[in-house]
Amino acid sequence: MEKIKMTTPLVEMDGDEMTRILWRTIKEDLILPYVDLKTEYYDLGLPHRDETRDQVTVDAANATERLGVAVKCATITANRQRQEEYHLSEIWPSPNGTIRAVLDGTAFRAPILLPFLRPAVPGWEKPITVARHAYGDMYKAVELVTSEPGIATLNFKGQSGKDETLVIAKTKGNAVFQGQHNTETSIRAFVHSCFQYALDTKQDLWFSAKDTISKEYDGEFRRAFDEAFANTYQAKFDEMNLHYFYTLIDDAVSRVMRSKGGFIWALKNYDGDVMSDMVAAAFGSLAMMTSVLVSPDGSMEFEASHGTVTRHFYRYRAGEKPSTNSTATIFAWTGALRRRGQLDGLPDLISFAGKLENACLETMKDGLLTGDLGVLVDEGHRCQILNFEESLEAIAKRLATKMHPISER
(Lines give C-alpha, C1' and ligand atoms only; values in the text may rest on other atoms or scores of the structure.)
Protein backbone atom coordinates (compact mmCIF):
# COMPACT_ATOMS: atom_id res chain seq x y z
CA MET A 1 0.00 0.00 0.00
CA GLU A 2 1.33 3.41 -0.98
CA LYS A 3 1.70 5.71 2.00
CA ILE A 4 -0.62 8.69 2.44
CA LYS A 5 1.12 11.86 1.29
CA MET A 6 1.53 15.07 3.24
CA THR A 7 2.39 18.39 1.59
CA THR A 8 3.08 20.60 4.63
CA PRO A 9 4.86 19.50 7.80
CA LEU A 10 3.20 19.75 11.18
CA VAL A 11 5.14 20.76 14.27
CA GLU A 12 6.05 17.77 16.43
CA MET A 13 6.93 18.47 20.07
CA ASP A 14 8.37 15.47 21.88
CA GLY A 15 8.03 15.21 25.66
CA ASP A 16 9.00 13.40 28.82
CA GLU A 17 8.84 10.15 30.78
CA MET A 18 6.13 7.57 30.06
CA THR A 19 4.39 9.66 27.46
CA ARG A 20 7.67 9.93 25.55
CA ILE A 21 7.72 6.11 25.41
CA LEU A 22 4.13 6.05 24.16
CA TRP A 23 4.91 8.80 21.64
CA ARG A 24 7.64 6.77 19.95
CA THR A 25 5.52 3.61 19.82
CA ILE A 26 2.48 5.43 18.43
CA LYS A 27 4.56 6.94 15.64
CA GLU A 28 6.35 3.71 14.74
CA ASP A 29 3.40 1.29 14.95
CA LEU A 30 0.31 3.34 14.14
CA ILE A 31 1.32 6.24 11.90
CA LEU A 32 4.54 5.61 9.96
CA PRO A 33 3.31 2.34 8.34
CA TYR A 34 0.55 4.31 6.61
CA VAL A 35 1.54 7.98 6.39
CA ASP A 36 4.53 9.59 4.70
CA LEU A 37 4.83 11.69 7.83
CA LYS A 38 6.31 15.17 7.52
CA THR A 39 7.09 16.95 10.79
CA GLU A 40 9.30 19.73 12.04
CA TYR A 41 10.68 18.10 15.18
CA TYR A 42 11.37 19.84 18.49
CA ASP A 43 12.58 17.94 21.55
CA LEU A 44 10.79 19.47 24.55
CA GLY A 45 12.09 16.81 26.90
CA LEU A 46 13.30 18.45 30.09
CA PRO A 47 17.04 17.68 29.56
CA HIS A 48 16.98 19.32 26.12
CA ARG A 49 15.03 22.31 27.39
CA ASP A 50 17.78 22.77 29.96
CA GLU A 51 20.53 22.41 27.34
CA THR A 52 18.91 25.12 25.17
CA ARG A 53 17.95 27.31 28.15
CA ASP A 54 14.33 26.74 27.08
CA GLN A 55 14.84 28.34 23.67
CA VAL A 56 13.57 25.12 22.06
CA THR A 57 10.13 25.76 23.58
CA VAL A 58 9.95 29.26 22.13
CA ASP A 59 11.15 27.95 18.76
CA ALA A 60 8.43 25.27 18.77
CA ALA A 61 5.75 27.83 19.56
CA ASN A 62 6.95 30.13 16.77
CA ALA A 63 6.99 27.20 14.36
CA THR A 64 3.36 26.50 15.27
CA GLU A 65 2.44 30.05 14.27
CA ARG A 66 4.31 29.57 11.00
CA LEU A 67 3.00 26.12 10.02
CA GLY A 68 -0.46 26.37 11.63
CA VAL A 69 -0.67 22.87 13.15
CA ALA A 70 1.24 21.21 16.00
CA VAL A 71 1.06 18.02 18.04
CA LYS A 72 2.61 17.96 21.50
CA CYS A 73 3.62 15.18 23.88
CA ALA A 74 3.14 15.72 27.60
CA THR A 75 6.06 17.51 29.28
CA ILE A 76 7.37 17.97 32.81
CA THR A 77 6.76 21.29 34.51
CA ALA A 78 9.86 21.70 36.63
CA ASN A 79 9.87 22.34 40.37
CA ARG A 80 12.65 22.10 42.96
CA GLN A 81 12.36 18.32 43.19
CA ARG A 82 12.64 18.03 39.41
CA GLN A 83 15.57 20.44 39.38
CA GLU A 84 17.48 18.11 41.68
CA GLU A 85 16.37 14.96 39.85
CA TYR A 86 17.41 16.25 36.41
CA HIS A 87 20.30 18.47 37.58
CA LEU A 88 18.77 21.53 35.94
CA SER A 89 20.59 24.82 35.72
CA GLU A 90 17.28 26.61 36.42
CA ILE A 91 13.67 25.79 37.26
CA TRP A 92 12.30 26.36 33.78
CA PRO A 93 8.71 27.55 33.30
CA SER A 94 5.84 25.37 32.13
CA PRO A 95 6.30 24.61 28.41
CA ASN A 96 2.53 24.82 27.97
CA GLY A 97 2.54 28.24 29.61
CA THR A 98 5.26 29.45 27.24
CA ILE A 99 3.47 28.09 24.17
CA ARG A 100 0.14 29.58 25.26
CA ALA A 101 1.78 32.95 25.81
CA VAL A 102 3.20 32.94 22.26
CA LEU A 103 0.00 31.71 20.59
CA ASP A 104 -2.38 33.64 22.89
CA GLY A 105 -5.07 31.06 22.29
CA THR A 106 -7.83 29.18 24.09
CA ALA A 107 -7.50 25.54 25.15
CA PHE A 108 -10.65 23.48 24.52
CA ARG A 109 -10.68 20.22 26.49
CA ALA A 110 -13.32 17.53 26.02
CA PRO A 111 -13.69 13.91 27.22
CA ILE A 112 -13.67 10.86 24.96
CA LEU A 113 -16.76 8.84 25.87
CA LEU A 114 -17.30 5.10 25.88
CA PRO A 115 -20.82 3.63 26.18
CA PHE A 116 -19.95 1.11 28.91
CA LEU A 117 -18.25 3.63 31.20
CA ARG A 118 -20.71 5.57 33.31
CA PRO A 119 -19.58 9.00 34.53
CA ALA A 120 -19.02 9.40 38.25
CA VAL A 121 -21.74 12.06 38.09
CA PRO A 122 -24.86 10.00 37.25
CA GLY A 123 -26.72 12.83 35.50
CA TRP A 124 -24.04 13.55 32.90
CA GLU A 125 -25.25 12.30 29.55
CA LYS A 126 -23.19 14.42 27.13
CA PRO A 127 -19.57 15.67 27.10
CA ILE A 128 -18.65 18.87 28.92
CA THR A 129 -16.06 20.91 27.03
CA VAL A 130 -13.86 23.11 29.21
CA ALA A 131 -12.61 26.26 27.44
CA ARG A 132 -9.51 27.38 29.31
CA HIS A 133 -8.07 30.85 28.82
CA ALA A 134 -4.48 30.13 27.94
CA TYR A 135 -2.63 33.27 28.94
CA GLY A 136 -1.63 35.01 32.17
CA ASP A 137 -2.95 34.59 35.71
CA MET A 138 -0.52 32.70 37.96
CA TYR A 139 1.16 31.08 34.94
CA LYS A 140 2.83 34.41 34.10
CA ALA A 141 2.98 35.67 37.70
CA VAL A 142 5.98 36.90 39.65
CA GLU A 143 6.43 35.78 43.24
CA LEU A 144 8.31 37.08 46.23
CA VAL A 145 9.03 35.54 49.65
CA THR A 146 10.02 37.95 52.44
CA SER A 147 11.58 37.26 55.83
CA GLU A 148 10.88 40.47 57.74
CA PRO A 149 8.07 42.92 58.46
CA GLY A 150 7.34 45.45 55.74
CA ILE A 151 4.95 46.90 53.18
CA ALA A 152 4.22 45.40 49.75
CA THR A 153 2.87 47.70 47.06
CA LEU A 154 1.59 47.40 43.51
CA ASN A 155 2.92 50.16 41.27
CA PHE A 156 2.08 51.07 37.68
CA LYS A 157 3.93 53.69 35.66
CA GLY A 158 2.24 54.59 32.41
CA GLN A 159 3.91 55.89 29.26
CA SER A 160 1.97 59.13 29.78
CA GLY A 161 3.73 59.65 33.11
CA LYS A 162 0.77 58.46 35.17
CA ASP A 163 1.96 56.82 38.39
CA GLU A 164 -0.37 54.69 40.54
CA THR A 165 0.47 52.77 43.72
CA LEU A 166 -1.70 50.49 45.81
CA VAL A 167 -0.79 48.94 49.14
CA ILE A 168 -1.10 45.16 48.92
CA ALA A 169 -0.38 44.41 52.57
CA LYS A 170 1.52 45.52 55.64
CA THR A 171 3.11 42.42 57.13
CA LYS A 172 4.31 41.84 60.68
CA GLY A 173 6.62 38.99 59.71
CA ASN A 174 7.45 36.48 56.98
CA ALA A 175 5.10 36.59 53.99
CA VAL A 176 4.72 35.49 50.40
CA PHE A 177 3.42 37.65 47.53
CA GLN A 178 2.27 37.00 43.99
CA GLY A 179 1.65 39.50 41.21
CA GLN A 180 -0.32 38.37 38.18
CA HIS A 181 -1.67 40.09 35.12
CA ASN A 182 -3.68 39.74 31.93
CA THR A 183 -4.22 41.89 28.86
CA GLU A 184 -7.39 43.20 27.32
CA THR A 185 -6.30 41.87 23.92
CA SER A 186 -5.85 38.35 25.26
CA ILE A 187 -9.09 38.42 27.24
CA ARG A 188 -11.13 39.53 24.24
CA ALA A 189 -9.44 36.95 21.99
CA PHE A 190 -10.48 34.31 24.52
CA VAL A 191 -14.04 35.63 24.60
CA HIS A 192 -14.47 35.58 20.82
CA SER A 193 -12.88 32.12 20.55
CA CYS A 194 -15.40 30.77 23.07
CA PHE A 195 -18.44 32.28 21.36
CA GLN A 196 -17.26 31.18 17.92
CA TYR A 197 -16.50 27.64 19.12
CA ALA A 198 -19.97 27.46 20.68
CA LEU A 199 -21.53 28.45 17.37
CA ASP A 200 -19.34 26.03 15.40
CA THR A 201 -20.17 23.09 17.69
CA LYS A 202 -23.78 24.17 18.39
CA GLN A 203 -23.39 24.15 22.16
CA ASP A 204 -24.51 26.47 24.95
CA LEU A 205 -21.78 28.57 26.55
CA TRP A 206 -21.28 29.16 30.26
CA PHE A 207 -18.71 31.51 31.77
CA SER A 208 -17.90 31.67 35.46
CA ALA A 209 -15.45 33.62 37.62
CA LYS A 210 -15.54 35.43 40.98
CA ASP A 211 -16.22 39.07 40.17
CA THR A 212 -17.89 39.63 43.56
CA ILE A 213 -14.42 39.30 45.14
CA SER A 214 -12.12 40.20 42.24
CA LYS A 215 -14.14 43.17 41.05
CA GLU A 216 -11.52 44.47 38.62
CA TYR A 217 -9.54 41.41 37.48
CA ASP A 218 -12.39 38.90 37.16
CA GLY A 219 -14.74 41.79 36.47
CA GLU A 220 -12.82 42.59 33.28
CA PHE A 221 -13.43 39.06 32.01
CA ARG A 222 -17.15 39.31 32.75
CA ARG A 223 -17.44 42.72 31.08
CA ALA A 224 -15.72 41.39 27.96
CA PHE A 225 -18.08 38.39 27.74
CA ASP A 226 -21.20 40.48 28.36
CA GLU A 227 -20.24 43.12 25.78
CA ALA A 228 -19.33 40.58 23.10
CA PHE A 229 -22.57 38.69 23.60
CA ALA A 230 -24.74 41.81 23.49
CA ASN A 231 -22.96 43.46 20.58
CA THR A 232 -21.95 40.52 18.36
CA TYR A 233 -23.34 37.11 19.26
CA GLN A 234 -26.79 37.34 20.82
CA ALA A 235 -28.67 37.36 17.53
CA LYS A 236 -26.69 34.37 16.26
CA PHE A 237 -27.27 32.48 19.50
CA ASP A 238 -31.00 33.22 19.39
CA GLU A 239 -31.17 32.08 15.77
CA MET A 240 -29.55 28.75 16.68
CA ASN A 241 -31.51 28.42 19.95
CA LEU A 242 -28.27 28.50 21.95
CA HIS A 243 -27.82 30.09 25.36
CA TYR A 244 -25.07 32.05 27.08
CA PHE A 245 -25.02 32.92 30.75
CA TYR A 246 -22.63 34.00 33.48
CA THR A 247 -22.63 32.86 37.08
CA LEU A 248 -20.15 32.85 39.95
CA ILE A 249 -17.74 29.95 39.82
CA ASP A 250 -18.96 28.38 43.07
CA ASP A 251 -22.53 28.43 41.74
CA ALA A 252 -21.32 27.13 38.39
CA VAL A 253 -19.67 24.11 40.02
CA SER A 254 -22.94 23.10 41.66
CA ARG A 255 -24.84 23.69 38.41
CA VAL A 256 -22.34 21.59 36.46
CA MET A 257 -22.71 18.71 38.92
CA ARG A 258 -26.50 18.80 38.49
CA SER A 259 -26.43 19.23 34.70
CA LYS A 260 -26.77 16.71 31.87
CA GLY A 261 -23.65 18.04 30.14
CA GLY A 262 -23.49 19.02 26.50
CA PHE A 263 -22.17 22.58 26.87
CA ILE A 264 -18.95 24.62 26.87
CA TRP A 265 -17.71 25.86 30.24
CA ALA A 266 -15.40 28.86 29.78
CA LEU A 267 -12.93 29.48 32.60
CA LYS A 268 -9.90 31.57 33.45
CA ASN A 269 -6.48 29.92 33.19
CA TYR A 270 -6.08 28.33 36.64
CA ASP A 271 -9.79 27.53 37.00
CA GLY A 272 -9.73 25.79 33.63
CA ASP A 273 -6.62 23.82 34.57
CA VAL A 274 -8.29 22.45 37.72
CA MET A 275 -11.82 21.94 36.43
CA SER A 276 -10.79 20.21 33.22
CA ASP A 277 -9.01 17.56 35.31
CA MET A 278 -12.12 17.21 37.49
CA VAL A 279 -14.35 16.80 34.43
CA ALA A 280 -11.94 14.28 32.88
CA ALA A 281 -11.73 12.17 36.03
CA ALA A 282 -15.50 12.24 36.52
CA PHE A 283 -16.07 11.09 32.94
CA GLY A 284 -13.64 8.21 33.42
CA SER A 285 -9.94 8.98 33.13
CA LEU A 286 -7.52 11.83 32.54
CA ALA A 287 -6.13 9.69 29.72
CA MET A 288 -9.49 10.09 27.94
CA MET A 289 -9.40 13.90 27.71
CA THR A 290 -8.45 15.71 24.50
CA SER A 291 -7.05 19.23 24.32
CA VAL A 292 -6.62 21.65 21.44
CA LEU A 293 -5.11 25.12 21.77
CA VAL A 294 -6.67 27.49 19.24
CA SER A 295 -4.93 30.81 18.56
CA PRO A 296 -6.70 33.91 17.18
CA ASP A 297 -5.10 33.36 13.75
CA GLY A 298 -6.46 29.79 13.60
CA SER A 299 -3.25 27.95 14.49
CA MET A 300 -3.92 24.77 16.50
CA GLU A 301 -1.80 22.72 18.87
CA PHE A 302 -3.13 19.29 19.86
CA GLU A 303 -2.11 17.41 22.99
CA ALA A 304 -3.37 15.11 25.72
CA SER A 305 -4.69 16.86 28.82
CA HIS A 306 -2.78 14.65 31.25
CA GLY A 307 0.83 14.75 32.41
CA THR A 308 3.84 12.54 31.81
CA VAL A 309 2.56 9.59 33.92
CA THR A 310 5.61 9.69 36.19
CA ARG A 311 4.75 6.70 38.39
CA HIS A 312 4.37 4.46 35.36
CA PHE A 313 7.68 5.72 33.97
CA TYR A 314 9.55 4.79 37.14
CA ARG A 315 8.04 1.32 36.93
CA TYR A 316 8.93 1.07 33.24
CA ARG A 317 12.50 2.12 34.02
CA ALA A 318 12.61 -0.65 36.65
CA GLY A 319 11.75 -3.23 33.98
CA GLU A 320 7.94 -3.42 34.30
CA LYS A 321 5.40 -2.86 31.54
CA PRO A 322 2.73 -0.63 33.10
CA SER A 323 -0.86 -0.47 31.91
CA THR A 324 -0.72 3.08 30.58
CA ASN A 325 -3.64 4.46 28.56
CA SER A 326 -2.45 6.05 25.30
CA THR A 327 -5.86 7.16 23.99
CA ALA A 328 -5.56 10.92 24.50
CA THR A 329 -2.04 10.93 23.06
CA ILE A 330 -3.26 9.05 19.99
CA PHE A 331 -6.13 11.51 19.62
CA ALA A 332 -3.64 14.38 19.78
CA TRP A 333 -1.93 12.90 16.73
CA THR A 334 -5.21 12.26 14.91
CA GLY A 335 -6.44 15.78 15.66
CA ALA A 336 -3.28 17.29 14.21
CA LEU A 337 -3.30 15.03 11.15
CA ARG A 338 -6.98 15.77 10.50
CA ARG A 339 -6.40 19.53 10.78
CA ARG A 340 -3.38 19.32 8.47
CA GLY A 341 -5.49 17.40 6.00
CA GLN A 342 -8.28 19.98 6.18
CA LEU A 343 -5.93 22.89 5.60
CA ASP A 344 -4.07 21.19 2.75
CA GLY A 345 -7.04 19.49 1.09
CA LEU A 346 -5.90 15.91 1.78
CA PRO A 347 -9.00 13.70 2.19
CA ASP A 348 -6.93 10.52 2.62
CA LEU A 349 -5.14 12.03 5.61
CA ILE A 350 -8.46 13.09 7.13
CA SER A 351 -9.85 9.59 6.56
CA PHE A 352 -6.80 7.99 8.19
CA ALA A 353 -7.27 10.10 11.32
CA GLY A 354 -10.84 8.86 11.62
CA LYS A 355 -9.85 5.23 11.09
CA LEU A 356 -7.17 5.41 13.78
CA GLU A 357 -9.61 6.94 16.27
CA ASN A 358 -12.20 4.27 15.49
CA ALA A 359 -9.58 1.55 15.89
CA CYS A 360 -8.90 2.87 19.42
CA LEU A 361 -12.57 3.12 20.37
CA GLU A 362 -13.52 -0.27 18.93
CA THR A 363 -10.62 -1.96 20.70
CA MET A 364 -11.83 -0.56 24.03
CA LYS A 365 -15.47 -1.40 23.27
CA ASP A 366 -14.36 -5.00 22.79
CA GLY A 367 -13.16 -4.97 26.39
CA LEU A 368 -9.42 -4.66 25.72
CA LEU A 369 -8.64 -2.00 28.30
CA THR A 370 -5.85 -0.43 30.29
CA GLY A 371 -6.00 -0.51 34.07
CA ASP A 372 -7.41 2.99 34.54
CA LEU A 373 -10.54 2.01 32.62
CA GLY A 374 -10.78 -1.56 33.85
CA VAL A 375 -11.64 -0.44 37.38
CA LEU A 376 -14.56 1.64 36.02
CA VAL A 377 -16.31 -1.08 34.04
CA ASP A 378 -19.71 -2.20 35.27
CA GLU A 379 -19.99 -5.70 36.68
CA GLY A 380 -20.96 -8.11 33.97
CA HIS A 381 -19.03 -6.31 31.21
CA ARG A 382 -16.24 -8.63 30.18
CA CYS A 383 -12.84 -7.01 29.85
CA GLN A 384 -9.18 -7.87 29.64
CA ILE A 385 -6.55 -5.60 31.19
CA LEU A 386 -3.57 -4.98 28.92
CA ASN A 387 -0.23 -3.30 29.48
CA PHE A 388 0.64 -0.37 27.23
CA GLU A 389 2.46 -2.49 24.65
CA GLU A 390 -0.39 -5.01 24.40
CA SER A 391 -2.95 -2.20 24.13
CA LEU A 392 -1.10 -0.46 21.30
CA GLU A 393 -0.57 -3.81 19.57
CA ALA A 394 -4.32 -4.52 19.69
CA ILE A 395 -5.06 -1.09 18.24
CA ALA A 396 -2.46 -1.65 15.51
CA LYS A 397 -4.08 -4.94 14.48
CA ARG A 398 -7.52 -3.36 14.24
CA LEU A 399 -6.13 -0.40 12.30
CA ALA A 400 -4.48 -2.78 9.84
CA THR A 401 -7.86 -4.34 9.03
CA LYS A 402 -9.29 -0.88 8.35
CA MET A 403 -6.38 0.17 6.15
CA HIS A 404 -6.21 -3.19 4.33
CA PRO A 405 -9.76 -4.56 3.85
CA ILE A 406 -10.13 -8.31 3.21
CA SER A 407 -10.64 -7.66 -0.51
CA GLU A 408 -7.17 -6.11 -0.66
CA ARG A 409 -5.38 -8.73 1.43
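The model is a predicted one, in which local features need pLDDT of at least 70 and side-chain atom pairs count only at pLDDT 80 or more, while totals for chains, interfaces and linings use all residues. Residues are numbered from 1 along each chain as its sequence is written, and side-chain values use heavy atoms, with hydrogens and water left out.

Grid points are joined across faces, edges and corners, and a volume is the space filled by probe spheres set on the points. This search gives 2 cavities of 30 Å³ or more.

The largest cavity has a volume of about 70 Å³. Its lining residues (those with an atom within 4 Å of a point) include Asn325, Thr363, Leu368 and Ser391. Helix H12 (347-365), strand E15 (368-369) and helix H14 (388-403) each provide at least two lining residues; here helices (H or I, at least four residues) and strands (E, at least two) are DSSP runs numbered from the N terminus. The lining of the largest cavity comprises 5 nonpolar, 6 polar and no charged residues, where Ala, Val, Leu, Ile, Met, Phe, Trp, Tyr, Cys and Pro count as nonpolar, Asp, Glu, Lys and Arg as charged, and the others, Gly among them, as polar.

The second largest cavity holds about 30 Å³ of space. Among the residues lining it are Gly97, Arg100, Tyr135 and Lys140, and by class the lining has 4 nonpolar, 3 polar and 2 charged residues.

Helix H5 itself is mostly covered, with 7 of its 9 residues buried (under 20% relative accessible area, 1.4 Å probe, protein chains only). Gly97 and Arg100 are among these buried residues. At the N-terminal end, Ser94 caps H5 through a side-chain oxygen 3.3 Å from the backbone nitrogen of Asn96. Just after the helix, Asp104 adopts a positive phi of about 50°.

A nonpolar core is a set of buried Ala, Val, Leu, Ile, Met, Phe, Trp, Tyr and Cys residues joined through side-chain atoms within 4.5 Å. The largest such core has 73 residues, and Leu30, Phe195, Leu205, Phe225 and Phe237 have the most contacts inside it. A second, separate core of 17 residues includes Trp206 and Met289.

Key. On a 1 Å grid over the protein atoms alone, a cavity is a set of points where a 1.4 Å probe fits but cannot get out, and a pocket is an open set with protein on both sides within 12 Å along at least five of seven lines; lining residues have an atom within 4 Å of a point. Buried means under 20% relative accessible area, exposed over 50%, partly exposed in between (1.4 Å probe, protein chains only). A polar contact is a pair of N or O atoms within 3.5 Å; within protein, one must be able to donate a hydrogen and the other to accept it, and residues adjacent in sequence count only if both atoms are side-chain atoms.
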